[in-house]
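Here is a short report on charge pairing and nonpolar packing. The model comes first, then the notes.

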Amino acid sequence: MLLTRLLNACHHFPGFVYEGARLCEAAKTIEIDVRPRRGSRPRCSGCSQPTRGYDQLSERRFEFIPIWGFAVVLLYCMRRVDCRHCGVKVEEVPWGSGKHTLTRAYMLYLAHWARKLSWKETAESFHTSWEKVCQAVEYVVQWGLEHRELGRLRAIGVDEIQYGKGHNYLTLVYQIEAGCVRLLWVGKERTIESFQQFFALIGKELAESIEFVCSDMWKPYLDLIARHCTHALNILDRFHIVAKMNLALDEVRAAEARRMAQDGYEPVLKKSRWCLLKRPQNLTDKQGIKLRELLRYNLKSVRAYLLKEQFQDFWNYDSPTWAGKFLDQWCAEVMRSRIEPMKKFARTLRAHRELLLNYFRARKAFSSGVIEGLNNKAKVTMRKAYGFRTFRMTELALYHVLGKLPEPKLAHTFY
């Protein structure tokens with residue numbers, strides 16, 4: 001039959017024969033009988049070695065890739081073997097894995113589409129169940145992690161994202177080198193113990209070979225990076241620095257707006273939040289007019305805004321020496337401003353001065369922009385599924401989409 005000839009051409013396994021195929025119109029299923037080739041010896045599922053047969057089990061059904069709108073099922077009577085090393089075991093078949101009812105080819109096919117669609121949409125498209133799509137993704141991810149080569153890690157980035165309800169966080173570690181941007185590790189919770197597991201995974205030698213690490217200013221991250229990545233430049237996350245400054249500015253604006261309302265002054269700061277937080281080139285026409293009106297007043301919020309805009313020049317330097325001089329001068333000016341939230345931010349910058357200057361020592365080659373982009377992809381992956389019930393499911397989905405893991409090589413190519 002044509003179908004069995006096609007399977008022999010593209011999905012052939014030595015020691016097995018596609019004996020025949022039949023169409024079950026009522027069930028819209030094509031059933032294909034598989035039998036062992038005469039004279040072939042079964043392989044033990046424990047040690048994968050050929051051994052003698054013991055007996056034969058009842059027929060099992062293995063779901064194959066659908067074709068022409070019909071489900072395809074392989075029918076095979078599994079043999080048991082009497083292995084001298086493992087004892088009595090069920091034989092190993094090359095198209096299946098363990099007790100899965102899906103063939104490996106079908107699991108790879110489902111996993112391919114589960115990367116593009118949500119798991120539920122994939123299951124509905126191929127008339128299967130969510131659990132089977134999950135099994136397919138788990139198989140592909142586990143195979144990929146077992147065959148993944150970390151190689152030499154030159155630059156990594158670490159950050160956390162929120163998942164689930166409440167204050168639940170994931171610690172994510174990425175490789176952020178040119179030509180190789182991928183998720184390396186997912187950790188449950190944002191704790192020292194969780195991040196420590198990453199360094200236990202890669203080992204001391206690989207950790208010491210890392211040259212650049214991008215992170216935020218959370219002290220446990222900084223301590224562990226300094227302890228394990230002894231030869232690395234720890235580059236502080238530019239995104240988080242700007243975010244902290246915006247929080248300080250917003251705190252100044254909110255406090256001053258409340259005070260002006262209590263004292264009966266005109267509410268000039270009303271609807272001015274984004275006028276002060278956004279960059280001038282990103283303002284709308286209406287926001288630009290509102291900002292010009294605000295700049296006429298001698299308010300703490302206006303002075304804090306001018307300090308924020310002045311700090312943007314810090315990122316334009318190339319020399320770490322001149323960048324350091326600018327930072328020291330700017331912090332001194334802020335400390336004289338009597339604006340407490342901005343002074344608190346300046347003290348934070350002073351405490352992390354050397355780590356800030358590592359951005360320039362690395363010649364601006366690494367920043368948090370790549371990390372934030374990957375974080376957004378991770379959030380989209382979780383949002384596409386409306387969240388996952390367990391950490392294990394979240395971990396599988398993130399590795400599958402962002403890990404760039406190797407996949408089993410099969411004769412089928414899907415476009």
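Arg22 and Glu31 join their side chains in a salt bridge, at 3.2 Å from N to O. A salt bridge here is a side-chain nitrogen of Lys or Arg within 4 Å of a carboxyl oxygen of Asp or Glu. Arg22 is partly exposed at 36% relative accessible area, whereas Glu31 is buried at 12%. Buried means under 20% relative accessible area, exposed over 50%, and partly exposed in between (1.4 Å probe, protein chains only).

This is a predicted model: local features need pLDDT of at least 70, side-chain atom pairs count only at pLDDT 80 or more, and totals for chains, interfaces and linings use all residues. Residues are numbered from 1 along each chain as its sequence is written, and side-chain values use heavy atoms, without hydrogens and water.

The structure holds 27 salt bridges. Two further examples follow.

| Salt bridge | Closest N and O atoms |
|---|---|
| Arg259 and Glu256 | 4.0 Å |
| Glu354 and Arg353 | 2.9 Å |

Glu354 is partly exposed at 42%, and Arg353 is partly exposed at 24%. Shared partners link Arg22, Glu31, Asp33 and Arg61 into one salt-bridge network.

Now the nonpolar side. The largest nonpolar core has 93 residues, and Trp119 and Trp330 have the most contacts inside it. Such a core is a set of buried Ala, Val, Leu, Ile, Met, Phe, Trp, Tyr and Cys residues joined through side-chain atoms within 4.5 Å. Apart from this core lies another, of 29 residues, including Leu102 and Tyr139.
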